[in-house]
Amino acid sequence: MLKGKEIVLGVCGGIAAYKAAEFVRLLVKQEARVHVVMTQNAQKFVTPLTFQTLSGNPVVTDPFALLEETQIGHVALADLAQLIVILPATANIIGKIAHGIADDFLSTMVMASKAPVLFAPSMNVNMWESKALQENIRILVERGYHFMEPGEGELACHWYGKGRLAELGDVLEKVEALLSPKDLKGEKILVTAGPTQEPIDPVRFITNYSSGKMGYALARVAKRRGAEVVLVSGPTTLPLPRSDIHLISVKTAEEMRRAVFGNLKNCSVVIKAAAVSDYRPKEVSSSKVKKTASSVSLELERTKDILGELGQKKGGRILVGFAAETGELVSNARKKLKEKNLDLIVANDVTKPGAGFATETNQVKFLYPSGEIKDLPMMSKEEVAQVILDEVVRLLQRSKKVKMAT
Ligand SMILES: Cc1cc2nc3c(=O)[nH]c(=O)nc-3n(C[C@H](O)[C@H](O)[C@H](O)COP(=O)(O)O)c2cc1C
């Protein structure tokens, strides 16, 4: 998502300056183009060489730098930046920018730029709580600047309280959100993810290999693109999604069904990425089944077909399903698309290397009711989520056009 994006990272003279080096690595891993600007005080904590090596670009350290012979450095970078991140942001830089002081490269560049600016502050708890700092943050937030909330805990100065640099993963998520189009704003999207667990007895259950990664990626990307997101998730080992995603955790297919239909109100899109168990044990033993008999058989009954029911009660909603198959991919997916009344089915052969349940990547085909098929190359699950949501945006626009015409 950050591929080719021009990000300027301002590093200030705070004890968390060393974490900025790791942040550059995270951005570079996403193929962003990173340009580091260090204040004079930042250079007392970490050397420019570290940032130059990690970013692969020259580091601006001189307040009156010329990037190339004829370019005025702060203006050139101010114009180039698609986003400016200040990490760590000192009380000093926050104060300077709030009051229009431009006495070094970083503060001057921020003033000269129209790019969004994200501050990730880090400081001693008393500095954080000081009236001057809080007032300066209020001024900047009112002017449209973005802030990461610092964390709480033991600080480098041995005080305990608020002032730790936000987790780098959270800063990265915010960077991606700030650089994403907001083409799903106003839409409420329900995503299901993960497997279900159907109990046999209090200690055993039937489940499948679904990791939830695809559904979580969809929820994350939809949120970044401005949607209100409800994520109904079966049990997974994934980190909790960001707090503004409404997570509903369930275990069984029946719990998932109730959560889906209980939260369908005002949803314009439903994406069913969960691998819901088709069968469950007919009898659930209330105590642990003991190993007495040499063999046992388990009678299974059908669970309710959530996707089928959604298709019947679809209304004007866009309904996207998944088909994870081990053979006859296209014919099985086409059958499911039709039977469940879907607008799009995302089909993948889970036996292919890199396209299975717990992998980081996926290779999928899109099938449409018109009979059209789109083959996609191997991609990360997050990239697959982006393309699925591009299709959702297209389908929403089409259905709005149809509504306007009728
Ligand atoms: C060892 C040390 C650690 C510091 N840590 C922080 C910090 O975490 N946050 C902060 O706002 N200031 C911190 N300061 C104070 C800043 O370095 C000082 O305000 C400086 O003027 C900031 O300059 P700059 O914003 O141009 O980088 C620290 C100072 C020292 C000597």
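Of the 15 residues around the ligand, the nearest are Gly13, Gly14, Thr39, Thr90 and Met123; a residue counts as near when its C-beta atom, placed from the backbone, lies within 6 Å of the molecule. This is a predicted model, where local features need pLDDT of at least 70, side-chain atom pairs count only at pLDDT 80 or more, and totals for chains, interfaces and linings use all residues. Residues are numbered from 1 along each chain as its sequence is written.

Who makes up this shell? Helix α4 (residues 91-98) gives the largest share, three residues. Helices (H or I, at least four residues) and strands (E, at least two) are DSSP runs, numbered from the N terminus. By type, the shell holds eight nonpolar, seven polar and no charged residues. Here Ala, Val, Leu, Ile, Met, Phe, Trp, Tyr, Cys and Pro count as nonpolar, Asp, Glu, Lys and Arg as charged, and the others, Gly among them, as polar.

Now look at strand β3 (residues 83-89). Seven of its seven residues are buried, so β3 is largely enclosed by the rest of the structure. Buried means that 20 or more other C-beta atoms, placed from the backbone, lie within 10 Å of the residue's own. In a regular strand the side chains alternate between the two faces of the sheet. In β3, Leu83, Val85, Leu87 and Ala89 are buried on one side, and Ile84, Ile86 and Pro88 on the other.

Strand β3 pairs with two strands, as listed below; pairing needs at least two DSSP bridges.

Note on methods. Buried ≥ 20, exposed ≤ 12 C-beta atoms within 10 Å, placed from the backbone.
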